[in-house]
Amino acid sequence: MSNVTLRLVRGEAGNAASEAVYEVPYRDGMSLLDAIFWIREHVDPALAVRYSCRSANACKECSAIVDGKAGFLCSIRARPGSEVRIEPLSARPWIQDLVTSLE
Ligand code: FES
């Protein structure tokens with residue numbers, strides 16, 4: 001079984017950000033948001049990510065920077081054997097991990 005490597009920005013406002021690396025078992029059709037759910041379920045339930053609809057771009061709450069480009073974590077598919085860097089949006093105040101303020 002192939003893995004997907006996620007490099008995630010971690011930390012919270014007021015402290016320095018760091019990068020954490022996770023190996024997630026790939027499954028067909030997996031989105032990056034699904035991969036983050038796997039991390040929350042199996043490694044670190046404290047990993048912060050905002051989402052609501054969990055489907056393609058309906059709520060837009062899962063916005064993040066993926067490999068340098070803004071996108072929606074629920075609509076970007078993970079690829080087996082790939083490595084992906086995910087950061088919080090830079091244009092909004094950072095709160096924690098992948099979560100920024102909605103204001
Ligand atoms: S969770 Fe709603 S657009 Fe991604």
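Buried means under 20% relative accessible area, exposed over 50%, and partly exposed in between. All views show a predicted model.

**View 1. Asp97 in the loop between strands S6 and S7.** Asp97 has a relative accessible area of 2% and is therefore buried, since the cut-off for that class is under 20%. The loop that holds Asp97 lies between strand S6 (94–96) and strand S7 (99–100). The phi angle of Asp97 is near 45°, which is positive although the residue is not a glycine.

**View 2. Asp67 in the loop between strands S3 and S4.** A positive phi of about 50° is found for Asp67, a residue other than glycine. Is Asp67 buried, partly exposed or exposed? Its relative accessibility of 46% makes Asp67 partly exposed, because that class runs between the 20% and 50% limits.

**View 3. The pairing of S3 with S4.** The two strands run antiparallel and are joined by four bridges. Within this pairing, Ile65 has Ala70 of S4 as its bridge partner.

**View 4. The open sheet of five strands.** The strand order is S2-S1-S5-S3-S4, and the pairing is mixed. S2 and S4 are the edge strands; each has a single partner, so one side of each has no neighbour in the sheet. Ignoring direction, neighbouring strands of the sheet are turned against each other by 35° on average. Helix H1 packs on the sheet, where it touches S1, S2, S3 and S5. The direction of H1 makes about 95° with that of S2.

**View 5. The largest nonpolar core.** This core has 25 residues. Which of them touch the most other members? They are Leu6, Leu8, Leu32, Ile36, Leu73 and Ile86. At least two core residues come from each of strand S1 (3–10), strand S2 (18–25), helix H1 (32–42), S3 and strand S5 (83–87). H1 gives the most, with six residues. In soluble globular proteins, nonpolar side chains tend to be buried together.

**View 6. The surroundings of Leu8.** Leu8 is one of the core residues that touch the most other members. With neighbours within four places in sequence left aside, Leu8 is in contact with Ser18, Glu19, Ala20, Tyr22, Ile39, Leu47, Ile86 and Leu98. Among these contacts, Ile86 is also one of the core residues that touch the most other members.

How values were computed
Residues are numbered from 1 along each chain as its sequence is written. This is a predicted model: local features need pLDDT of at least 70, side-chain atom pairs count only at pLDDT 80 or more; totals for chains, interfaces and linings use all residues. Side-chain values use heavy atoms; hydrogens and water are left out. Buried means under 20% relative accessible area, exposed over 50%, partly exposed in between (1.4 Å probe, protein chains only). A nonpolar core is a set of buried Ala, Val, Leu, Ile, Met, Phe, Trp, Tyr and Cys residues joined through side-chain atoms within 4.5 Å. Contact means heavy atoms within 4.5 Å. Two strands pair if DSSP finds at least two bridges between them. Axes are lines fitted to C-alpha atoms, for helices over the stretch in contact, and angles run from 0 to 180 degrees between N-to-C directions.
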